[in-house]
Amino acid sequence: MFVRRYWSVGSWSKDQKRFMTTSKRVQDRSKLKRVHDLEIVTEKWKIASKVLFLMEILKKEPEMIIPVRSLDQYRSQISLPKPHRVSDFIRKSPKLFELYKDHRRVLWCGMTKKAEDLVEEEDRILEEHQDKAAEYVTRFLMMSVDKRLALDKIVHFRRDFALPVDFRTGWVHKYPQHFKLVKDEEGLEYLELVNWNPAWAVTELEKKTMGITEASEDHTQGLLSISFPLKFPPNYKKAYKYRGAIDHFQKRSYLSPYADARGLKAGSKEFDKRAVAIMHELLSFTVEKRLVTDHLTHFRRELVMPQKLMRLLLKHFGIFYVSERGKRFSVFLKEAYEGSELIEKSPLVLWKEKVQSLIGYRGKKKIETFSDMSDMEDNGFDESQSENEDIDLQIEQEETESDMEDDSLGDNSEMDIDELCSAYEDNTKRC
């Protein structure tokens with residue numbers, strides 16, 4: 001069985017390894033907790049992400065063309081195992097890519113005129129968005145404990161924050177009034193906050209619920225008492241059972257993500273609720289209101305968050321939704337979605353949907369459950385059905401396989417992590 005890595009750690013006990021590699025993982029959650037629509041979101045972008053990656057590779061080339069054999073080095077990024085050929089993957093999207101041979105019979109790949117126009121459109125969108133992106137990066141630095149973050153870590157969020165391709169080489173120098181690039185004694189590069197902007201020390205939740213656009217100059221960051229929007233699956237009855245505990249959590253004050261959290265005790269209720277606020281704020285910054293969870297774990301120390309971050313996300317499934325579909329876990333901000341659609345679509349999301357409409361690959365009717373290579377291992381491509389119909393068939397099959405009831409939860413009204421984790425494990429095993 002394929003071993004998934006949850007966190008980058010030096011060593012694990014034998015029992016811990018066994019737990020993380022057994023089938024009792026996120027996909028074994030109750031069918032009542034699974035959000036079918038958000039699984040569709042993850043599934044439908046799996047191929048699109050590979051196509052967008054290929055477009056980005058071509059965009060970097062001087063003439064936006066590249067020998068197909070040179071694309072072999074990117075097999076891992078597009079999850080294309082041998083013996084599948086890169087050229088076959090490219091041929092599935094003739095509206096975006098062209099293949100031709102030169103006089104030496106070398107096969108080259110380029111973009112169609114329509115794809116080149118889309119690349120220009122993306123550049124315009126990123127240019128128009130760059131000031132907002134600079135704000136988000138600055139606020140990210142403002143939330144960090146040392147007011148600086150490793151550049152190699154921020155790069156993981158480049159697409160999520162809609163940062164340009166030249167983020168590390170050129171863009172980071174365009175806003176010296178906000179941040180600067182520095183190196184430590186070992187030569188590692190960091191982005192460091194230059195000026196604290198009190199007007200930006202207002203959470204997205206404050207803006208939405210209180211109508212605050214920006215803080216005044218004398219605004220100080222302290223305790224917040226704003227409830228988080230909750231969304232539970234309509235057929236999940238246990239939400240009523242834990243209503244008391246949920247209400248207690250919602251009413252509890254918490255430290256603003258922009259306040260100094262050095263004094264918080266790890267594991268305390270205040271510590272955990274602030275971590276929820278941090279996750280909510282970061283997800284609000286992103287283009288699709290979702291992030292890859294292992295990218296989040298890189299910032300546990302810098303953002304003063306719990307070591308067991310996945311448990312926190314799983315525990316608060318009314319606020320977040322974790323999907324394991326694809327190569328990595330993804331976490332969604334549930335309030336941002338109505339069904340499988342983003343409620344507010346940025347220009348970049350609308351652009352990605354244009355690209356999606358031109359991709360020839362339409363998925364398949366039956367895909368193996370949660371396989372890293374599942375989207376590339378079929379023998380052919382079926383365009384006779386709509387994309388969402390194919391995805392629906394797959395997810396329905398998977399949900400039938402994992403139709404596990406929540407009766408393993410105890411009667412105790414306290415919303416304890418052990419009780420919630422039991423929804424993902426069998427009756428004989430506890431978190």
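Analyst: A salt bridge here is a side-chain nitrogen of Lys or Arg within 4 Å of a carboxyl oxygen of Asp or Glu. This is a predicted model, where local features need pLDDT of at least 70, side-chain atom pairs count only at pLDDT 80 or more, and totals for chains, interfaces and linings use all residues. Residues are numbered from 1 along each chain as its sequence is written, and side-chain values use heavy atoms, with hydrogens and water left out.

User: How many salt bridges does the structure hold?
Analyst: Side chains of opposite charge can pair when their charged atoms come close. By the cut-off above, the number of salt bridges in the structure is 31.

User: Which parts does the salt bridge of Arg139 and Glu281 tie together, and how far apart in sequence are they?
Analyst: The two side chains, Arg139 and Glu281, meet at 2.8 Å, N to O. Arg139 lies in helix H4 (residues 113-143) and Glu281 in helix H9 (residues 269-285), so the pair ties together parts whose separation in sequence is 142 residues. Helices (H or I, at least four residues) and strands (E, at least two) are DSSP runs, numbered from the N terminus.

User: Are Arg139 and Glu281 buried or exposed?
Analyst: Buried means under 20% relative accessible area, exposed over 50%, and partly exposed in between, with a 1.4 Å probe and protein chains only. On that scale, Arg139 and Glu281 are both buried.

User: Where does Lys352 find its salt-bridge partner Glu288?
Analyst: The N to O distance between Lys352 and Glu288 is 2.2 Å. Lys352 has 16% relative accessibility, so it counts as buried. Glu288, at 12%, counts as buried too. Lys352 lies in helix H12 (residues 347-357), and its partner Glu288 is in the loop between H9 and strand E9 (290-292).

User: Are Glu341 and Lys345 buried, partly exposed or exposed?
Analyst: These two form a salt bridge, with the closest N and O atoms 2.5 Å apart. Glu341 has a relative accessible area of 32%. For Lys345 the value is 31%. Glu341 is partly exposed, and Lys345 is partly exposed.

User: Which residues have the most contacts inside the largest nonpolar core?
Analyst: A nonpolar core is a set of buried Ala, Val, Leu, Ile, Met, Phe, Trp, Tyr and Cys residues joined through side-chain atoms within 4.5 Å. The largest has 54 residues. Elements that each supply at least two of its residues include H4, H9 and strand E10 (320-323). The residues with the most contacts inside it are Phe140, Trp171, Met279, Leu282 and Phe320.

User: Which residues does Phe140 touch, not counting those up to four places away in sequence?
Analyst: Contact means heavy atoms within 4.5 Å. With those sequence neighbours left out, Phe140 touches Leu149, Phe157, Phe161, Leu282, Phe285, Phe299 and Leu303.

User: What is the nearest side chain of opposite charge to Arg252, and how far away is it?
Analyst: Arg252 sits in the loop between helix H8 (243-251) and strand E8 (254-255). Its contacts, leaving aside neighbours within four places in sequence, are Leu224, Lys269 and Lys273. Lys and Arg count as positive, Asp and Glu as negative, and His and the chain ends are not counted. Arg252 is buried yet has no salt bridge, and the nearest side chain of opposite charge is Glu270, 5.5 Å away.

User: Which side chain is joined to that of Lys113 by a polar contact of 2.8 Å?
Analyst: Lys113 is in helix H4 and is exposed, with a relative accessible area of 55%. A polar contact is a pair of N or O atoms within 3.5 Å; within protein, one must be able to donate a hydrogen and the other to accept it, and residues adjacent in sequence count only if both atoms are side-chain atoms. The partner of Lys113 is Asp117.

User: Over how many bridges do strand E2 (residues 97-101) and E3 pair?
Analyst: Two strands pair if DSSP finds at least two bridges between them. In E3, Leu99 has Cys109 as its bridge partner. E2 and E3 pair in the antiparallel sense, and the number of bridges is five.
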